[in-house]
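Subject: Structure handover

Hello,

Here is the structure you are taking over. Please open it next to this email and follow along.

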There are 2 protein chains.
Amino acid sequence: VSAPGPPAPPTPGSGPALGAGREFDAIRRWIGGDGDLPAEVLVGPGDDAAVLEGGWVVSTDLMVEDVHFRAAWLEPEEVGYRATAAALSDLAAMAARPVGVFVSLAWRRGEETSLDRVQSGVREAARAVGATVLGGDLSSSPGPGFLDVVALGRSDAPVLRSGARPGDVVWVTGALGGAAGAVRAWTAGETPPPSIRLAFARPVPRTDAALWLAGHVPLRALVDLSDGLAGDAGHVAAGSGVAVVLDAEGIPVAEGLADLTGGRAAALELALHGGEDYELCLVTGPDGVDVEAFRTACGVPLVRVGRVEEGDGVWLQTPGAPPERLGSGGFDHLAGGDP
Amino acid sequence: VSAPGPPAPPTPGSGPALGAGREFDAIRRWIGGDGDLPAEVLVGPGDDAAVLEGGWVVSTDLMVEDVHFRAAWLEPEEVGYRATAAALSDLAAMAARPVGVFVSLAWRRGEETSLDRVQSGVREAARAVGATVLGGDLSSSPGPGFLDVVALGRSDAPVLRSGARPGDVVWVTGALGGAAGAVRAWTAGETPPPSIRLAFARPVPRTDAALWLAGHVPLRALVDLSDGLAGDAGHVAAGSGVAVVLDAEGIPVAEGLADLTGGRAAALELALHGGEDYELCLVTGPDGVDVEAFRTACGVPLVRVGRVEEGDGVWLQTPGAPPERLGSGGFDHLAGGDP
């Protein structure tokens, strides 16, 4: 096994350890330079969510029409459901139990009849994981619709991105690339097959899976897949000061995705760089996980996708070739392109 | 003293006690009907902020370009400052000490150069009250800019809207109507005088005042003035099951506002119904407050503006006439009009 790179350099400064990308650069500039965190904030910027004294876990997720979705792709209920599920997924990424959500919602003027349907989708996503809608703010919008969901959860032992060590094993839940496949089909003027469409419209926050894992397995690192496996594994690599080597043949792609995209290689590209699957990526020690017990308890597969080595960055291993370094290549929400 | 109305009817259902208005109806529909709050949520929807086990206080505030402000009115720093100050004002309204903010920000495509300036305004408002920017989310917007600010604070004894009793006294900090006066001038194509402009662009969250009051005076109820004094006093009246009778002659209006609007009556109208002053409205027992000590400690006036009686709603007392019932008449952010 070849080492994928030189040892990681010392962590620069005290800013949040995020992977590469323009959006993360902007977030780093913003929240960097404020000095120390308040003592009652146990985990600050740079992980999936913040952790407060008392075990409260807080995350926000912003969804903008014509950036993150198009109205023509989704029913109004799905807009509300998806934005809420995305925020709840950040709690799962900390192994936190969801308690409630606050939702700030601005909706296109003249389309107030669909507002109730958006709100009903918010409620449905919250209820599905035992959370309550605790409050929010409403406005009309003179332009695109916009939802910002704050998810609040609780954990005595949140799982961060920073504990992966060389020799550890990397896993993902479910199958990847479906949400990006649906976007690809829509933007090409096609209709995605139902299961691929649902991967975008109705992502399931892996709350149960995260709580099961936290109760049964010593987890070294945990993130949810919002930026694509390459991008999110990059957050683990940066947060832990290690390299993540992904096994190209082991990465599970969504059912039907290879048919839709014209082959396994294109499907793998979406799994690595497409984003918004809201599955979990976790790192365990070399002893791994009882995948059968996990599947029985949680109803979703858990698949080994790679290993942790000394070094930095994310690498893709294909049979008979040296590991290839991956750029983050996730969707950049500041780039201004359409989704 | 005439009683301003019949005794309050029994509180209907268990929904949040908000005043009148279409925006509040929509919020009621949304968050009503979810049954009981989780046990670890001590105060839920219907007050200025939610209160969590452990004394965490959480509030969100949404600001939409061309609904809540226009880009031509404000420097980018002021957009960030104002949105953050508004969210922090909700913490002051609970007598909570600010700890941090999360900011979700979508900014017009092609105007990314002003993004840093918006973020700098966010940081300035947070730092001014000892809070840290703990995280957030960034996106481009294909339409108007949006900011959603989540403020997190801490309080061992948050002050709600529900403790006012007949015989109590109603007070406000500062002077009212300035922010609405600035909007009125701008929409008429005029330039508001500097102090009136600043009331809109640079509202000061009354954090210090709220903490001083909570430490020195038994507060029966506390809200911040975001919907206009009539609307926010209506929240106190609804939350406490009482009538609030305001003394028309006692209500302090912003300096220069009467000149700008053509007289005291028009200025009073803005103070009652204009909104977004972000001053505090508080209710004390009949013993009141040492206003000189308050002013010395907090650098802002505290003025007696009315009393609490049996009944419901908000009433305006003018000399020599019976009290007149006020509609909420605050700005309705669902109505779709320009600000």
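Predicted model: local features only at pLDDT ≥ 70, side-chain atom pairs only at ≥ 80, totals over all residues.

Residues are numbered from 1 along each chain as its sequence is written, chains are lettered from A and ligands numbered from 1 in the order in which they are written, and side-chain values use heavy atoms, without hydrogens and water.

Sheet, chain A. An open sheet of 7 strands runs in the order β8-β10-β7-β11-β9-β12-β13, with mixed pairing. Strands are DSSP runs of E, at least two residues, and helices are runs of H or I, at least four, numbered from the N terminus; two strands pair if DSSP finds at least two bridges between them. β8 (219–224) and β13 (324–326) of chain A each have a single partner strand, so one side of each has no neighbour in the sheet. Within the sheet, β7 (169–173) and β11 (302–309) of chain A run antiparallel and are joined by 5 bridges. Trp171(A) stands opposite Arg304(A) in β11(A).

Helix, chain B. In α4 (178–187) of chain B, 8 of the 10 residues are buried, meaning under 20% relative accessible area (1.4 Å probe, protein chains only). Among them are Val183(B) and Trp186(B). Just after α4(B), Gly189(B) has a positive phi of about 80°.

Loop, chain B. Arg161(B) lies between β6 (146–154) and β7 (169–173) of chain B. Arg161(B) counts as buried because its relative accessibility is 7%.

Regards

Notes
Buried < 20%, exposed > 50% of the residue type's maximum accessible area, 1.4 Å probe, protein only.
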